Amino acid sequence: MSFLLKYKNINEKRELPNNEYTIKELLDELELSAQTIVSKQNGELVIEDTVIEEDDEIQLVQIIYGG
């Protein structure tokens with residue numbers, strides 16, 4: 001079981017480590033903060049508790065702050 005991850009220059013298929021693998025677990029694995037990343041699952045905005053399913057496309061977008 002796998003999903004497609006898109007983040008910056010990453011565009012790769014990744015294996016799902018378990019059946020309840022969440023966006024939060026993915027962010028933790030990549031050492032990214034949910035406060036600085038917007039997550040999309042198959043084009044729809046999702047929260048970090050969302051479970052990643054087989055063949056999902058997960059896109060992570062870095063939020064840029066400015067002042």
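Which residues does Gln41 touch, not counting residues up to four places away in sequence? Gln41 touches Val46, Thr50, Val51, Ile52, Glu53, Asp56, Glu57 and Ile58, where a contact means heavy atoms within 4.5 Å.

## What you're looking at

This is a predicted model, in which local features need pLDDT of at least 70 and side-chain atom pairs count only at pLDDT 80 or more, while totals for chains, interfaces and linings use all residues. Residues are numbered from 1 along each chain as its sequence is written, and side-chain values use heavy atoms, with hydrogens and water left out.

## The fold in outline

The protein chain has 1 helix and 5 strands, and along the sequence they run β-β-α-β-β-β. The radius of gyration is 11 Å, close to the 11 Å that the globule rule gives for 67 residues, so the chain is as compact as a globular protein of that length. Helices (H or I, at least four residues) and strands (E, at least two) are DSSP runs, numbered from the N terminus. The radius is taken over C-alpha atoms, and the globule rule is 2.2 Å times the number of residues to the power 0.38.

Along its principal axes the C-alpha trace spans about 40 × 20 × 20 Å. Of the contacts between residues at least 6 apart in sequence, 52% join residues at least 24 apart. Buried residues make up 30% of the 67 in the chain; buried means under 20% relative accessible area, exposed over 50%, and partly exposed in between (1.4 Å probe, protein chains only).

Leaving out residues up to four places away in sequence, Thr50 touches Tyr21, Thr22, Ile23 and Gln41.

## Two loop residues with positive phi

Lys8 isn't a glycine, yet has a positive phi of about 50°. You'll find Lys8 in the loop between β1 (2-7) and β2 (10-15), exposed at 65% relative accessibility.

Glu31 isn't a glycine either, and has a positive phi of about 60°. Glu31 belongs to the loop between α1 (23-29) and β3 and is exposed, at 73% relative accessibility.
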